[in-house]
Amino acid sequence: MREDSGRDVRDHVEAIYRSDSRRVLATLIRLLGDFDLAEEALHDAFAAALESWPENGLPANPRTWLISTGRFKAIDRLRRTDRFDSADANALERLVQTTAPEVEEGVEDDRLRLIFTCCHPALSPDAQIALTLREVCGLTTEEVARSFLTPAPTLAQRIVRAKAKIRDAGIPYEIPSLPELPARLDSVLHVIYLVFNEGYLASSGASLTREDLSAEAIRLGRLLVELLPEPEAIGLLALMLLHEARRASRTSPAGEMILLEDQDRLLWNRERITEGVSLVERALSSRRIGPYSLQAAIAALHAEARDAPSTDWSQIVGLYDVLLEVERSSVVALNRAAAIAMRDGPEAGLTIIDGITARGELDDYYLSHAARGDLYKRLGRVGDAVAAYRRTLELVTQEPERRFVIRRLRELGETELPES
């Protein structure tokens, strides 16, 4: 074979790895019942492709070829290393006897099975996130660790423990049954939204956002809607797209934070907004309305408004009223109070926030104090605004937000402040 032709085949192998490796891995996990063995089989299969395909040409169905090759490589590896003990001899025998139709059966559902396995409620939330990013998204252990500011060895151990729990607890690699699906889907959606939130507003560090994490969450959301188009999955994808549409306007060229009401809306991504609004309409038309769909509807009203004053604040407050019925949350109540302040004036919003904090809720939540500081500032109550912003400064861990609060304090005449 000519050298340039061999190079073309190698390029094809690399392209298939990028596009299909997680699909192949998901099926190998189903067939082998072991994450680590499936990972080894995946790499063995692609190594075999690099040896075979330049010589013999691309197979008619590369993905099926890779799955079958990976399965046989795993059988060889097991036989050589005797990884199955006597109690598991039957499992090896079943693997050997698996037929080609059984290999291909359910391949299209394997990614969905993998998502539900990684997000099983028996695993801790941290383990669910780490395992999902590692196994479903294909990020390296180092990339996942860097994403969440965790030492790589710590993250690696978290993943090892999660895989061991799946194995030892006999957590099934399957799509939940219909009665179990709503509760299990909630867990999956929660993990995807946690990943997105860390990308949209990083919990700490020098950067306000992490575009790589937001992109991974949206990719997961698209995959979930493709495989399981439930209304809340559609609503979550809409919510993420509508928030992500504002990315370019959320910080200045110097990296300083810009509030929604001050953002240049010409920078908003209209293509994402159009897609997000369409998805909101699709989710709401089902009449099975949950918290993600309601939040997406609120985000759509913001996205479609010409500016902050022309936003339909009455409709937003109404949606928050419904959301508060669906999801009793102090954070939702705080967001509703901010919307009421925009509709009815800062005093109305402040009264509600004071009621929340009087119940001992959100005292350690920096955004509640930031909201109070903003409303006091609008009312001209400088001393109260300064106290609220100083409390915010004690709690905030994100550097651009910290600098924003310091700027607010300086605007109020405070001079003895930490360096921004």
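## Position of I159

In which helix is the place of I159? In this predicted model, I159 belongs to helix α9, which covers residues 152–168. I159 is buried, because its relative accessible area is 5% and the cut-off for a buried residue is under 20%.

Apart from neighbours within four places in sequence, I159 is in contact with A130, L131, R134 and T141. A further pair can be described by its separation: E135 lies 24 residues from I159 in sequence, and the C-alpha atoms of E135 and I159 are 9.7 Å apart in space.

## Packing of helices α14 and α15

Two packed helices are described by the angle between their axes and by the distance between those axes. For helix α14 (residues 291–304) and helix α15 (residues 313–326), the axes come within 10 Å and cross at roughly 170 degrees. Angles over 145 degrees count as roughly antiparallel, and α14 and α15 are therefore roughly antiparallel to each other.

On the α14 side, the contact is made by P291, L294, Q295, A297, I298, L301 and H302. On the α15 side, W313, Q315, I316, L319, Y320, V322, L323 and V326 take part. The residues of this contact comprise twelve nonpolar and three polar ones, with no charged residue.

## Confidence of the prediction

The chain has a mean pLDDT of 86, and 89% of its residues reach 70 or more. Among the elements of the chain, the lowest mean pLDDT, 52, belongs to helix α5 (residues 100–104). The highest, 97, belongs to helix α13 (residues 270–285).

Key: Residues numbered from 1 in each chain as written. Predicted model: local features only at pLDDT ≥ 70, side-chain atom pairs only at ≥ 80, totals over all residues. Heavy atoms only, no water. Axes fitted to C-alpha atoms, helices over the stretch in contact; angles between N-to-C directions. Helix = DSSP H or I, 4+ residues; strand = E, 2+ residues; numbered from the N terminus. Parallel < 35°, antiparallel > 145°, perpendicular 65-115°, else oblique. Contact = heavy atoms within 4.5 Å. Nonpolar A, V, L, I, M, F, W, Y, C, P; charged D, E, K, R; others polar. pLDDT = per-residue confidence, 0-100. Buried < 20%, exposed > 50% of the residue type's maximum accessible area, 1.4 Å probe, protein only.
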